[in-house]
Amino acid sequence: MDLPKGLAGVVVDQTEISSTAGGKLVYAGYEIEELAQASYEEIVFLLWHTRLPQKGELAAFSKQLVSEMVLPAESIRLLLYIAKEPQHPMSILRTATSLLGTTNDVIFDEPPKILAKMLTVIASIVRIRQDEPLIEPDFKLGLADNFLYMLTGKKPDEFLSRLFNTVMVLHADHEFNASTFSARVVASTAADYYSCLTAAVCALKGPLHGGANEQVFAMLEEIKGSHLDPITYVKQRLAAGKKVMGFGHRIYKDGDPRAKILQGLARKLAQKTGNESYYDLQVTLADYLLKTKGLHPNVDYYTALIYHCLGLEKDLFTVIFAACRTAGWLAHIMEQKRTGRLIRPSSEYIGPKGRKYAKDHYQIGSEF
Ligand SMILES: CC(=O)SCCNC(=O)CCNC(=O)[C@H](O)C(C)(C)COP(=O)(O)OP(=O)(O)OC[C@H]1O[C@@H](n2cnc3c(N)ncnc32)[C@H](O)[C@@H]1OP(=O)(O)O
Ligand SMILES: O=C([O-])CC(=O)C(=O)O
């Protein structure tokens, strides 16, 4: 059987949430370029209800989400205990997501509560790792502004507020990517939301998926530190059979529409924060890879620089991705649960056949 490796091109189910058909990213019928300026709460509502909210609905939804950002004392106590462990922040988040589902006073099943608390957990992991005090949400701010405030300790100005909101919107969903599909597989067994989200976090961690944003910045630092000409560095990397992180995509062979928007944001933020040299380096690499290999940057490429400019250490980049994507994961978990159908594909067996089991085979010629 000639099977598509890694399920490439295989349509496994239908969804009303988002589409990447024709190389365009569309959330519930709206192209991403149209939505880039929408508020994150509007997008969460759109992904969960496949329609935009009315004005009153949006205000109530936003208020509900922000009010749910407060964590119970027991969750904070456990987070303080685990977040300092010398593991990768995504490993901490994997455990913390599961913990949210086991802490007594957080047994709930409502997606708004789960999303709000995931954002607070992620901001808290970042603060604890940086030896900074935890920050309570400000009920006058929206969800994305609060998340940024609780991450950085600074209330965002108009520029940062718009920029970070757009970053969150662009990362909110991406149809059947590996982490979302993992969440859907778990949801299809009728497991609880936290089990589904934990699976999603596990899949996002890998460097071929969400973990690529950290690797992008590690590569930029390596190039700067090596004092090698960037093109020589890339040539050496490719010659050694290594991938250039932040490039290529399973779906977008002519460019990731999000990367184009993110590049503009990264350029502006790099200028404001004195990080132009990283931006220029990224453009040099991108031009070279397009010209020589036909490879385009993906969503993780310029996002890495944005997170660096926000003052985050590179090992924290992927937990921020998880924060943005939780809304999409929850949308897909709800959709999958509504179908009530177990995901269980088939495989082609290619191992040995017709072997006979001899009861005493351990004695014959055995070392034991
Ligand atoms: C949020 C996200 O998950 S976005 C993706 C984040 N991941 C990364 O940035 C990691 C780097 N990129 C990659 O590993 C890949 O491009 C993936 C995993 C994202 C997509 O992989 P696939 O759809 O399987 O593409 P595939 O591996 O078939 O690539 C086609 C060709 O381009 C090459 N290629 C793809 N991406 C890269 C890259 N980043 N660097 C160098 N070569 C690459 C492959 O080696 C392959 O070459 P070949 O035909 O000579 O064998
Ligand atoms: O769709 C994918 O394979 C990966 C991706 O870009 C995302 O999850 O945002």
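Let's begin with the strands: three of them make an open sheet, ordered β1-β2-β3, with antiparallel pairing. At the edges sit β1 (18-19) and β3 (30-31), each of which pairs on one side only. Keep in mind as you look around that this is a predicted model.

Strand β2 covers residues 26-27, and its antiparallel pairing with β3 runs over two bridges. Which residue of β3 is the bridge partner of Val26? That would be Glu31. In general, strands of a sheet pair through backbone hydrogen bonds, in either a parallel or an antiparallel way.

The chain splits into domain 1 (18-206 + 318-339) and domain 2 (212-309). Their C-alpha centres are 26 Å apart. Each side brings residues to the contact: 15 residues from domain 1 and 15 residues from domain 2.

Now look at the side of domain 1 that touches domain 2. The elements giving two or more residues to it are α1 (32-35), α8 (158-171) and α16. Which of the elements gives the most? It's α8, with five residues. Sorted by class, this side of domain 1 has eight nonpolar, five polar and two charged residues.

## The largest nonpolar core

The largest nonpolar core has 106 residues, and the ones touching the most other members are Leu47, Ile122, Ile125, Ile306 and Val319. Helix α16 (residues 317-339) provides the largest share of this core, 12 residues. Why does the core lie between domain 1 and domain 2? Because both domains give residues to it. As a rule, nonpolar side chains in soluble globular proteins tend to be buried together.

Pick out Ile306 and you can trace some of its contacts. Leaving aside residues up to four places away in sequence, Ile306 touches Val167, Leu262, Leu265, Ala266 and Leu269.

## Around the two ligands

Ligand 1 has 17 residues around it, and those that come nearest are Ala212, Lys243, Phe247, Gly248 and Arg250. The shell of ligand 1 is made up of seven nonpolar, seven polar and three charged residues.

## A closer look at Asn146

Asn146 belongs to helix α7 (residues 143-152). Is Asn146 buried or exposed? Asn146 counts as buried, because it has 25 C-beta neighbours inside 10 Å, and 20 or more are needed for that label.

Setting aside residues up to four places away in sequence, Asn146 touches Val66, Met69, Pro137, Asp138 and Leu141.

## Two residues with positive phi

Most residues other than glycine have a negative phi. Asp131 isn't a glycine, yet it has a positive phi of about 60°. You'll find Asp131 in the loop between α6 (111-129) and α7. Asp131 has 7 C-beta neighbours inside 10 Å, so it counts as exposed.

Glu175, also a residue other than glycine, has a positive phi near 30°. Look for Glu175 in the loop between α8 and α9 (178-188). With 18 C-beta neighbours inside 10 Å, Glu175 counts as partly exposed.

How values were computed: Residues numbered from 1 in each chain as written. Chains lettered and ligands numbered in written order. Predicted model: local features only at pLDDT ≥ 70, side-chain atom pairs only at ≥ 80, totals over all residues. Pairing = 2+ DSSP bridges. Helix = DSSP H or I, 4+ residues; strand = E, 2+ residues; numbered from the N terminus. Near = placed C-beta within 6 Å. Nonpolar A, V, L, I, M, F, W, Y, C, P; charged D, E, K, R; others polar. Core = buried A, V, L, I, M, F, W, Y, C linked by C-beta atoms within 7 Å. Buried ≥ 20, exposed ≤ 12 C-beta atoms within 10 Å, placed from the backbone. Domains from an automatic or database assignment. Contact = placed C-beta atoms within 7 Å.
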